[in-house]
Protein chains: 2
Amino acid sequence: MSANSRLTIAAHALTWIGLYQRRGHEVATSEQIATSVNTNPVVIRRLLAELRKAGLADSQRGAGAGWMLVRDLAAITLLDVYEAIEPGPVFALHRATPDPECVVGRGIGPAMTAVYDEVEAALRRELAGTTLEDVLRDVLNAA
Amino acid sequence: MSANSRLTIAAHALTWIGLYQRRGHEVATSEQIATSVNTNPVVIRRLLAELRKAGLADSQRGAGAGWMLVRDLAAITLLDVYEAIEPGPVFALHRATPDPECVVGRGIGPAMTAVYDEVEAALRRELAGTTLEDVLRDVLNAA
DNA sequence: TTCGTCGTAACAATTACTGTTACGACCAAG
DNA sequence: CTTGGTCGTAACAGTAATTGTTACGACGAA
């Protein structure tokens, strides 16, 4: 499975903005966030643009502009972030339709879908149990 | 996330072999399995080779050869299959090390790792709860 | 008007998976 | 011991997603 760091980067960026705002700043620039994440500012802007669509972040333009949180860190769960940036499910069915002449070919799709639905539900329950406030607390404790 | 059909194909192939063997055949060829899955036989051989390494399947060579199960379908869980074919975790940390000068950069890795470990554990619990016997039962009921 | 920042297009590089061809290795059958 | 069917595996192209990078227009506060 292609390991995906998008959720990590998104959580990192939002947590960084949240901490920065608590220290009295209005907005955080993609440049600042990119320095902490160690990547290119465009990567941050692209990711935050998806989070803005989901109502988790917002941006100002012009001089002295940047990014801010729409909700408090305590009101954002990792499931919110996951749903904002992850397009598809973890597991997929066949690319090409299996042989409809075959019993297994006909029945395997529904059978696996039932399992995958439960897996996704379990994954979502776990992500829903952690807020970015929890993440920030762990971050500050680790430092 | 890049949706992955490998688990689907592997479960399909093993279930097909199991059903074929219950109907009195010794071995199943990659050609037969590929027809049911609707793909190329080499794809099946590659995948079954990984399952053989994990002790789930075995092959014979020569004329009249093919693939067979090592254990009964009831003794193989989807977690066994998942572990045999999935190389890495669902979520990854940063590709490049975050800024060690930054509090968030230092602490975000351990914080997210803790969450991801729980997510993986939940995913594994779900997969462990379904055997290929369960899958075959669903397949036959759907038909 | 200027300058800093976002918005976004465009492109290359990387990685993983899939599909396909090809050919050698192996072994039962005759 | 030859034949033919099957696996084992290398090699390559195509597809797709992610990431990193450059570039430039849009915007707005000063």
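The surface near DNA strand C draws at least two residues from each of helix 2 (30-37), helix 3 (41-53) and strand 2 (66-69) of chain A and from helix 3 (41-53) of chain B; helices (H or I, at least four residues) and strands (E, at least two) are DSSP runs, numbered from the N terminus. The model is predicted: local features need pLDDT of at least 70, side-chain atom pairs count only at pLDDT 80 or more, and totals for chains, interfaces and linings use all residues. Residues are numbered from 1 along each chain as its sequence is written, and chains are lettered from A and ligands numbered from 1 in the order in which they are written.

DNA strand C is surrounded by 30 residues, the closest being S30(A), T39(B), N40(B), V42(B) and G62(B) (near: C-beta atom, placed from the backbone, within 6 Å). Helix 3 of chain A contributes the most to this surface, five residues. The surface comprises 11 nonpolar, 12 polar and seven charged residues (nonpolar: Ala, Val, Leu, Ile, Met, Phe, Trp, Tyr, Cys and Pro; charged: Asp, Glu, Lys and Arg; polar: the others, Gly among them).

The contact between the protein chains takes 57 residues from chain A and 57 residues from chain B (contact: C-beta atoms, placed from the backbone, within 7 Å). On the chain B side, helix 1 (6-22), helix 2 (30-37), helix 5 (103-128) and helix 6 (132-142) each give two or more residues. Helix 5 of chain B gives the most, with 17 residues. This side has 34 nonpolar, 16 polar and seven charged residues.

Conventions. Two residues are in contact if their C-beta atoms, placed from the backbone, lie within 7 Å.
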